[in-house]
Amino acid sequence: MIVTTIRRAVVTLPAAPLGPDNPLPALRPLDEVHRIDDRDKAGLPRDMARQIGHAPLRSLLPVRVRDGYDRTRVPRELHALVVENDRLRATVLPGLGGRITSLLHKPTGRELLYSNPVLQPANFALNGAWYSGGIEWNIGATGHTTLSCAPLHAARVPAPDGGEMLRLWEWERLRDLPFQVDLWLPDGSDFLYVGVRVRNPHERPVPTYWWSNIAVPEECRVLAPAEEAWHFGYERRLRRVPVPAYEGVDRTHPLNSTHAADYFYEVPEGRRRWIAALGADGHGLVQTSTDVLRGRKLFVWGAGTGGRRWQQWLTEPGTGGYCEIQAGLARTQLEHVRLEPESEVAWLEAYGPLEAAPAGEWASVVDAAEARLAAALPRAAVDAAYEAWKPYADTEPGELLAAGSGWGALEVLRGGFKLPGTPFDEVALGEPQQPWLHLLRTGSYPDPGGAAPPGESLVAPPWRDMLETAPATPLTEYHLGVAQWHAGDRAQAVRSWERALPLAPSRWPLLRCLAFADREGGHHERAADRYAEAFDDLCREQRDGDATWTAATAALGREAIEALLAAGRAAPARAVWEGLHPATRERGRFRLLLAALLLAEGRPDRARAVFDAGFEVADLREGDESIGHLWARLTDEPLPARYDFRMRPAP
């Protein structure tokens, strides 16, 4: 008998380095593409309309933006954990969001997922760096989690069947919620069981979001027990459409769509929750769950030029594309559900192979596939597995296999929370948490002693309260202003930053915050002045060769040039450009910025030459059309395919 075993392994992939995080606090309002047009809100089901309007995320704070990666891939060894029985082998990357990068069905040798042959960060997570492939756990708010490329805690835990579970856990910082993911494989099972729990330890309700995203080869047909779906495209329209055919085209074949789109299936109340992707030969993967995980979704890149370009961008050209089948707490990813004070939400998922005929009349195909699923894994068996798992969810972990961040340990110390099963021990506290630990224990925020970019800001109300009563040093006022900005009190944030400026030994962080506030308030000339002054101050203070200083210079330089160009001031924008590190100026993002600068200087031929020479904007944002807009200002020629990342029909 072989029950679940867990072992360490190494996965070697061509990988681009993540690089340093952006050290500037993320003051910008969240630019999330998943927003709907107001005209579509009328007529929505009442619960959907309420949850779409329920506390959407407005800011990334306290999380930092991850934009330091590039597109230069070299072989890299990744720490992996393998969960295995005699039927399945699941490979997990605890250092990269706990992603299941491979799910191999051993009797047939079939890989059930789209397993990306490269690790290429791209700007799809809420905070930037994300990569495609496998099964990812998305918690926090609409979009890919900020933990996409972050480490999770991992440990062995006893499983309900006497074997072992792999527990992954972390503290999600956007909503301040601890969560856990337990993975195990019962003896002889063709299905990987995944128990998930999200807890709200606070004395207030918290908006909650979860979607499990599963990448599968796109040459498939996606089946779900639904005759209608909510279609959402990058033109930000939400509409109810029939399944499988919409506008005369069967959209359950991912390559039949032209543009990237979401299809959120309307699974009838009482119907079993499942979704499957089957190849032409009838083999594929099925995901099912207990009923708490209500939603099911298909995401397609489509067969259009932009979708194909994104597929090449995210993986290795020539290795095949993918689509995503997904499962979430709500009907759509536009919604957030209310998690009551001092409560939790938990469910069980199962992933495994399915063989069924994909072709034919929709209702018959779905019914036949559901019957095959019922034979392989009855609905009652999933419910029973959930009930068997729940008593083990509180079991304290055994051998630690990977370490996450220290932010959960800091929050547990502050709040005195009791979270059996997911220990956030003080041993996890690291350098980023030390000044906040000092504030918690002494009531004052420490002076770092020496020039350095400010550390991360905490913005939750308890931390803001501590900053308000701490001695008003310039660094304390800086962090207080960030917390006030996050709370929506922009006037008070500006007052805090202005109070700190005369006594601050390092002025550029405060000047940058004030410049950002000016630009948000429409004071473009003053913003330009302050950005230029901040960049000059940073250049005088920076330490050459230090990655954090280089990242700060790049981030501030980019914002300064954009603000100066917006104010019509090309000459000082050029001065900032010349002050950037030579290696920074060669990055694709800054080649695009150079083209905009040259155009502002009245040199369109030189700007066109930048395009002709070629560049790659490694951190191009999902849905960003800035490359195309700049190209259209230079020429009437069609946008070259290498720059075409458009995800919607032409307006």
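**Briefing: burial, salt bridges, helix packing and aromatic pairs**

Arg-251 is buried, its relative accessible area being 13%. The model described here is predicted. It holds 52 salt bridges and 27 aromatic pairs.

**Arg-251**

- Arg-251 sits in the loop that runs between strand 19 (249-250) and strand 20 (261-265).
- Its value of 13% falls under the 20% cut-off, and Arg-251 therefore counts as buried.
- Leaving aside residues up to four places away in sequence, Arg-251 touches Pro-244, Tyr-246, Asn-256, Ser-257, Tyr-263 and Leu-298.

**Salt bridges**

- Arg-7 and Glu-84 form a salt bridge, with 3.4 Å between the closest N and O atoms. Arg-7 belongs to strand 1 (residues 5-15) and Glu-84 to strand 2 (residues 74-84), so this pair ties together parts that are 77 residues apart in sequence.
- Asp-47 and Arg-294 meet through their side chains in a salt bridge of 3.3 Å, N to O. Asp-47 lies in helix 1 (residues 46-52), and Arg-294 lies in the loop between strand 22 (283-289) and strand 23 (295-300), so the pair ties together parts that are 247 residues apart in sequence.
- Asp-47 has a relative accessible area of 23% and is partly exposed.
- A salt bridge also joins the side chains of Glu-344 and Arg-197, at 3.4 Å from N to O. This pair links distant parts of the chain, with Glu-344 in strand 26 (residues 343-355) and Arg-197 in strand 12 (residues 192-200), 147 residues apart.
- Glu-344 is partly exposed, at a relative accessible area of 34%, while Arg-197 is buried at 3% relative accessibility.
- Glu-344 and Arg-197 also take part in a network of salt bridges, in which they are linked with Arg-199, Lys-390 and Asp-394.

**Helix 5, helix 6 and their surroundings**

- Two packed helices are described by the angle between their axes and the distance between the axes.
- The axes of helix 5 (residues 407-415) and helix 6 (residues 434-442) come within 11 Å and cross at roughly 5°. Helix 5 is therefore roughly parallel to helix 6, since angles under 35 degrees fall in that class.
- On the helix 5 side the contact consists of Trp-407, Leu-410, Leu-413 and Arg-414, which meet Trp-436, Leu-437, Leu-440 and Arg-441 of helix 6. Sorted by class, this contact has six nonpolar residues, no polar residues and two charged residues.
- An α-helix has 3.6 residues a turn, so residues three or four places apart point the same way.
- The buried residues of helix 6 are Pro-435, Trp-436, Leu-437 and Leu-439. Their cover includes helix 5, helix 7 (461-469) and helix 8 (474-486).
- Gly-443 follows helix 6 and has a positive phi, near 85°.

**Aromatic pairs**

- A pair of aromatic rings is described by the distance of the centres and the angle of the planes.
- The count of aromatic pairs comes to 27. In one of them, Tyr-114 with Tyr-322, the ring centres are 5.2 Å apart and the planes are at 20°, so the pair is stacked.
- Trp-508 is in helix 10 (residues 508-520) and Trp-549 in helix 12 (residues 547-566), and the pair links distant parts of the chain, 41 residues apart.
- Trp-508 is buried at a relative accessible area of 1%, and Trp-549 is buried at 3% relative accessibility.
- Tyr-114 and Tyr-322 belong to a cluster linked by ring pairs, together with Phe-124, Trp-130, Phe-299, Trp-301, Trp-310, Trp-313 and Phe-645.

Key:
Residues numbered from 1 in each chain as written. Predicted model: local features only at pLDDT ≥ 70, side-chain atom pairs only at ≥ 80, totals over all residues. Heavy atoms only, no water. Salt bridge = Lys/Arg side-chain N within 4 Å of Asp/Glu carboxyl O. Helix = DSSP H or I, 4+ residues; strand = E, 2+ residues; numbered from the N terminus. Buried < 20%, exposed > 50% of the residue type's maximum accessible area, 1.4 Å probe, protein only. Axes fitted to C-alpha atoms, helices over the stretch in contact; angles between N-to-C directions. Parallel < 35°, antiparallel > 145°, perpendicular 65-115°, else oblique. Contact = heavy atoms within 4.5 Å. Nonpolar A, V, L, I, M, F, W, Y, C, P; charged D, E, K, R; others polar. Phe/Tyr/Trp six-rings, centres within 6.5 Å; stacked < 30°, edge-to-face > 60°.
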